Amino acid sequence: MRQKIYFFDLLRCVAAIAVVVIHVLGPYREQLGSIANTDWAIAIGFNSASRWAVPVFIMITGALMLTDKREFVLDYYLKRRLGKVLVPFLVWSVFYAWLSGVSLSGFDGGLAWHTLLELPFHETYYHLGFFYYFIPLYFVIPFFRWAVQCADRTAVIAFTALWLGITTLFLFKIDGPWSQQLVLYSGYLLLGYCLFHYQWPARRWLIGLGIVMLVATAYNVISASFAADEYTVGRWLSYKTVNTALIAAMVFTLCQRYGEGLKGKAQQSIGFISRYSLGVYLLHPLFLWPVRAFDLYWGSPLLMIPFWTVVCGGLALASSYLLAKYKLTAWLVP
């Protein structure tokens, strides 16, 4: 048995909350000019400060799976690792394809069926897009795991630094063969491994760089949007750019620093949310649907975003817990 590492619980907890924040604030993005500029900027500030959430989930996977020294067994890997994610993804994709046909005017079966037919190529609901770049990483992990066990520290760090350079090129729209989605997302596996195994990059550098990138991201998105008089982000809010990678690394290293020091009820509460974090990810749009459908954003985003994050995230957490209690449904929220 591997020793419990508590800071991963903290990482999963904050990443799950940040994902809900991203989806709660969604309607605000296209309201430039329709609401006060200050309110719009606040919402985009929340968005800019939350983009690290998805990369952190990938980094956790890299940190844990690339450091696993146990013998690699293909059958176990496919059934217990890949299958544990793939099967729930397919079932929830079918469910959300049906939900896509639901609106205040009734049910559009044609739209739901068309959405389902697009499943092999496109997510059936906005939050499921994550799995289209996460699941392919399971075919990369065995090779990365072998590589990091054969290579020395310098080689692994150099390769990760090269990947950070690639994400820099991608941010500034210098495209090439390196711009492939699998290349850009798989690097997060190595970044998580390096932070966990080597404590590289160093925390003191990451905190400074992460803060600079947070400010730069928000500034570039907000200023460019005001200048264009419409919501425009370039690649600043992409999950595959150096600014997002450095912010995610900062969050990772801060949780690594302080997560192990959590004790008592704080540790238990964070562990509980962590246990059901994937369920929160999968279920929260179900509770967010009426909020968006009925436009239940009656106040400032400074209030509405945290409020609906707590409500929708809390309901998703409770539902995930209830599903996990019964063997018949537990596999839906692994």
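Mentor: Buried along α14 are Pro301, Met304, Ile305, Trp308, Thr309, Cys312, Gly313, Ala316, Leu317, Ser319, Ser320 and Ala324. Buried means under 20% relative accessible area, exposed over 50%, partly exposed in between (1.4 Å probe, protein chains only). Helices (H or I, at least four residues) and strands (E, at least two) are DSSP runs, numbered from the N terminus. This is a predicted model: local features need pLDDT of at least 70, side-chain atom pairs count only at pLDDT 80 or more, and totals for chains, interfaces and linings use all residues. Residues are numbered from 1 along each chain as its sequence is written, and side-chain values use heavy atoms, leaving out hydrogens and water.

Trainee: What covers the buried residues of α14?

Mentor: The cover includes α1, α2 (37-48), α12 (264-275), α13 (277-293) and α15 (327-330).

Trainee: Switching topic, how many disulfides are there?

Mentor: The count is zero, where a disulfide is a pair of cysteine sulfur atoms within 2.5 Å.

Trainee: What does Phe130 touch, leaving out residues up to four places away in sequence?

Mentor: Phe130 touches Val54, Phe57, Ile58 and Tyr281, with contact meaning heavy atoms within 4.5 Å.
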